[in-house]
Every structure is written in C-alpha cells, then in structure tokens.
Amino acid sequence: MPRFRCVPMPTGTARRFRQTGRDDRGLTLHRRAVDGPGFPCRHCLRLGLPGETMLLGSYDLPHPLGTYWTPSPIFLHADECPRYAAEDEIAPIVLANGLVSIRAYDAAELCLYDLGHVCEGAAVAAPLARALEDPRTRFVNIHTARPGCLLTAVERLG
Ligand SMILES: [Zn+2]
C-alpha cells in the first residue's frame, strides 16, 4: 500500500456550516440526536456517539470537478471536533460502514471505472491499495455504497 491519508471536509467548511446553520445548497441544516451507529462525521471521520448532536446537510465535494462532480448529503458534529489528520490509516467511519464504494479518479478528474470496487468497509484496504498503486490515480473518494454519500477522500502522500 502506498503512503496515503484520508482527507476530511475542510475546517473552514465545517465552521461555516455550524455558524450559519446552512449547507452548500443554502438550505437549513437538519439537527439529529445520535441514536445509533449511522452518524459518520465528515470532519473528524468518527461516528457520532449517543448524546451528541449531528448536523445533516448537502456538501459540495471539492473533487472530482467537471463531469463527475456531485454534491453529497453528509453528517457533521454540531459542536466543534478535531479535523482527522492521521496518515496511513483508514478512517474509522470507513471501517465501520457495512458497504462502501471506492471511486478512483485520474488527473483530468475523470472516473477510472476499472478501479471501482464495492465491499465491506472493514475490507477496504486491498481495493484501496489497488487504486492508489495505479499510476493513473490522482485521488480516491470513498462513498457509502447504499445511499451513495461521500465518507472521505483519500490521497497518496509524497
Ligand atoms: Zn466530528
């Protein structure tokens, strides 16, 4: 596996969501009390814990731009949380997800279909390594496979 890092939502975006109460569509963020494991925060890349409150809104993905660009529904801790910063570690919200979709993109931000893969989050290491080892790949996005929401971007280090 090449060296890599999971890239969360920028802190500036998280702060704007929390301060304005609005998402990237200009819509009012929903507030949800955590009552189970289905609340992955896209800033700290950890699951919301019982007793915490999450914001739910639409997030404009930084990449891919162009033809494959898409917004995504996301959860975000309502209160401040530390931005995920680990290297060479798969984010907890990916490992915890029952079914994820790996989507690799090239330098032109076009999708590399042959590297796409769907599997349990806990089994993501091998297909992620395959995508990152391919010289065409510039970055990878990992989505939930059922609703299709972005969990995290992944980029090679060095
Ligand atoms: Zn968080």
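A: Helices and strands are DSSP runs, numbered from the N terminus, and in this predicted model that numbering places Pro-64 in the loop between β3 and β4.

Q: What is the peptide bond from His-63 to Pro-64, cis or trans?

A: The angle to read is omega, and for the bond that joins His-63 to Pro-64 omega is near 0°, which is the cis form.

Q: Which order do the strands of the open sheet have, and which strands are at its edges?

A: The order is β2-β3-β4, an open sheet of three strands with antiparallel pairing. An edge strand pairs on one side only, and here the edge strands are β2 (30-33) and β4 (71-77). Direction ignored, neighbouring strands of this sheet are turned by 35° against each other on average.

Q: How many bridges pair β3 with β4?

A: Strand β3, residues 53-60, is paired with β4 in the antiparallel sense over seven bridges, and as regards Met-54, its bridge partner in β4 is His-77.

Q: What is the phi of Leu-45, and is this residue buried or exposed?

A: Phi of Leu-45 is near 60°, a positive value in a residue other than glycine, and Leu-45 is found in the loop between β2 and β3. Buried means under 20% relative accessible area, so Leu-45, at 0% relative accessibility, counts as buried.

Q: Where does Glu-109 lie, and why does Glu-109 count as it does, buried or exposed?

A: Glu-109 lies in the loop between β5 (100-105) and β6 (117-119), with a positive phi near 65° although the residue is other than glycine. Glu-109 counts as buried because its relative accessibility is 16%, and the cut-off for buried is under 20%.

Terms used:
Residues numbered from 1 in each chain as written. Predicted model: local features only at pLDDT ≥ 70, side-chain atom pairs only at ≥ 80, totals over all residues. Heavy atoms only, no water. Pairing = 2+ DSSP bridges. Helix = DSSP H or I, 4+ residues; strand = E, 2+ residues; numbered from the N terminus. Axes fitted to C-alpha atoms, helices over the stretch in contact; angles between N-to-C directions. Buried < 20%, exposed > 50% of the residue type's maximum accessible area, 1.4 Å probe, protein only.
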